[in-house]
Amino acid sequence: MRTDAVTQTMQICLGEQAIPVGTLTYSRQGTRENTSFVYDDTWLESGNRFEISPDLPLTRERYFHKAATRSDSIFHFGIADTEPDGWGCKVIARDHAKRKKSGKVGEGTALTEMDYLLGVDDVGRAGALRFRNATREFMRTPVDGERGIPPLLELTEIVGAAHAVERGTETAKDLDYLRGRATSLGGMRPKCTVVDNDGHLAIGKFPSVSDDRAVTKAEVLALKLAAAAGIEAAQGRIVYSDGIPIALIRRFDRVEAGRIPYLSATSMLQASREDEHTYSEIAERILSVSPDANRDLAELWRRIVFNMLITNVDDHLNNHGFLHVGHGQWRLAPAFDLNPFPDKGRDHKTWLTEETGPTGKIKDAMHASAYFHLTDEHASKILGEVHCAVSQWRQVARNVAVGMTIQELEAFDPAFEHGEAQIAKQLLA
């Protein structure tokens, strides 16, 4: 077993103004890793202070943390929300291996959890937390002549580099291009942070080399249907690069004034990735953190029945989030990562309630509507609005904004035309 000890300290700042919030310390002894965090006195004394994570109360105490399971992060929840996930970790690991082979990093140097956290480009990092080293450099900042977040004009190069990583044929140039830029956000599918034509940050989501259906078009379709169903959803559109359809999703954690603090539902519930959790638990947290709980509860239930009708069963807690609205209060973030799955069962990743389990049944959602402070009449009204919008899926999919072909429509038919859609129609009759 390795016995070498490593300690690394970073200042955590908030927003474009880089307001100091606290100090993060990473420690490794052999294969054991842990972290600690302590707030700055200036943050604790500020009138704008708030807990950056539910497991970090506003005290002068030093908070220690280690992973509860092999699947969990060594960082406190709000900090872990800025880590890369599947795709980003793959890019960082491939880049490290390539640099080690070329002698740019030491042969015995292994990636740590801190390396992954700091391998994300500062400009594209999710939410408003930022990390600054002892020389006051933000992590990660482009070095060695690297370019920053690329514009839409460079989509062709980005897609080519991403597909090379998927195939395992990436070059050092490909990884140089993706380093930092393709690591900012979670998920397993290839993506990259880009600058939209108006200067706003966006996520470019690319088709995978293994896709057998139009996944990017389907996600934009789902976002447009969600908006038509009365859901506050991320804005998305299809753009083409050399004939490849790319889903361009606007970042909702950015405004003209800068960055908006963000927490995933995983963080809000302080949930282990290996435990099952429920929408009713999210509802309980909404009651304690939202400035307009009834609005957010109704919105959450609207999203539940929408997911059921489009067969979006990948609704795990990291695919729900909250934005800070001031004074320690949080509202539901716009809906995102909405994907119809025509080839999967109807059980959802997040359970409806402990009693129902991982159901995908409309009747269960109706019976559970009281958890979301809805009357039967209000729940029926919401279901009617959602069902009406989703029933137009073919027309929306065929319009120029989505551009699905007849063959692509047929591939997604089972996600929209199923027994629960018929049950919803019967309940509304």
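Between which strands is the loop that holds Ala-18? Is Ala-18 buried or exposed?

Reply: Ala-18 sits in the loop that runs from β1 (5–14) to β2 (19–29). The model is predicted, so read every value here as computed from that prediction. The backbone at Ala-18 has a phi near 50°. That is a positive value, and the residue is not a glycine. The relative accessible area of Ala-18 is 10%. Buried means under 20%, so Ala-18 is buried.

Thr-311 raises the matter of positive phi again. Its phi is about 55°, and Thr-311 is not a glycine. The residue belongs to the loop between α10 and β14 (321–326). Its relative accessible area is 1%, so Thr-311 is buried.

Helix α10 covers residues 293–310, and Asn-307 is part of it. Relative accessibility at Asn-307 is 3%, so this residue counts as buried. Set aside the neighbours within four places in sequence. Asn-307 then contacts Tyr-279, Asn-312, Asp-315, Leu-338 and His-348.

Another backbone feature is a cis peptide bond. It joins Met-139 to Arg-140, with omega about 10°. Arg-140 is found in the loop that links β6 (138–139) to α5.

Helix α3 spans residues 86–101, and helix α5 spans residues 155–167. The angle between them is about 80°. Their axes lie 11 Å apart. Angles from 65 to 115 degrees count as roughly perpendicular. The two helices, α3 and α5, are therefore roughly perpendicular to each other.

Which residues meet there? From α3 come Trp-87, Lys-90 and Arg-94. From α5 come Ala-162, Val-165 and Glu-166. Sorted by type, the residues of this contact are three nonpolar and three charged, with no polar ones.

Leu-178 touches residues of this region. It lies in helix α6, residues 172–178. The relative accessible area of Leu-178 is 0%, so it is buried. Leave out residues up to four places away in sequence, and Leu-178 touches Val-91, Ile-158, Ala-161, Ala-162 and Val-165. Ala-162 and Val-165 are among the α5 residues that meet α3. Leu-178 and Ile-149 are 29 residues apart along the chain, and 9.6 Å separates their C-alpha atoms.

At 9% relative accessibility, Pro-84 counts as buried. In sequence, 34 residues separate Pro-84 from Leu-118. In space, their C-alpha atoms are 9.2 Å apart.

Glu-385 takes us to another helix. Its place is in α12, residues 376–390. Not counting residues up to four places away in sequence, Glu-385 touches Ala-229 and Arg-302. The C-alpha atoms of Glu-385 and Asp-242 are separated by 38 Å, and the two are 143 residues apart along the chain.

Last, the whole chain. The protein has 15 helices and 15 strands. Its radius of gyration is 22 Å. The globule rule gives 22 Å for 429 residues, so the protein is as compact as a globular protein of that length. Along the principal axes, the C-alpha atoms fill a box of roughly 65 × 50 × 45 Å. Of the 429 residues, 55% count as buried. The accessible surface comes to about 19100 Å², and carbon and sulfur atoms own 50% of that. Contacts can also be sorted by their span in sequence. Take contacts between residues at least 6 apart in sequence. Of these, 65% join residues at least 24 apart.

Definitions and conventions: Residues are numbered from 1 along each chain as its sequence is written. This is a predicted model: local features need pLDDT of at least 70, side-chain atom pairs count only at pLDDT 80 or more; totals for chains, interfaces and linings use all residues. Side-chain values use heavy atoms; hydrogens and water are left out. Helices (H or I, at least four residues) and strands (E, at least two) are DSSP runs, numbered from the N terminus. Buried means under 20% relative accessible area, exposed over 50%, partly exposed in between (1.4 Å probe, protein chains only). Contact means heavy atoms within 4.5 Å. Axes are lines fitted to C-alpha atoms, for helices over the stretch in contact, and angles run from 0 to 180 degrees between N-to-C directions. Angles under 35 degrees count as roughly parallel, over 145 as roughly antiparallel, 65 to 115 as roughly perpendicular and the rest as oblique. Ala, Val, Leu, Ile, Met, Phe, Trp, Tyr, Cys and Pro count as nonpolar, Asp, Glu, Lys and Arg as charged, and the others, Gly among them, as polar. The radius of gyration is taken over C-alpha atoms; the globule rule is 2.2 Å times the number of residues to the power 0.38. Accessible areas come from the Shrake-Rupley method with a 1.4 Å probe; for residues, only the protein chains shown count as cover.
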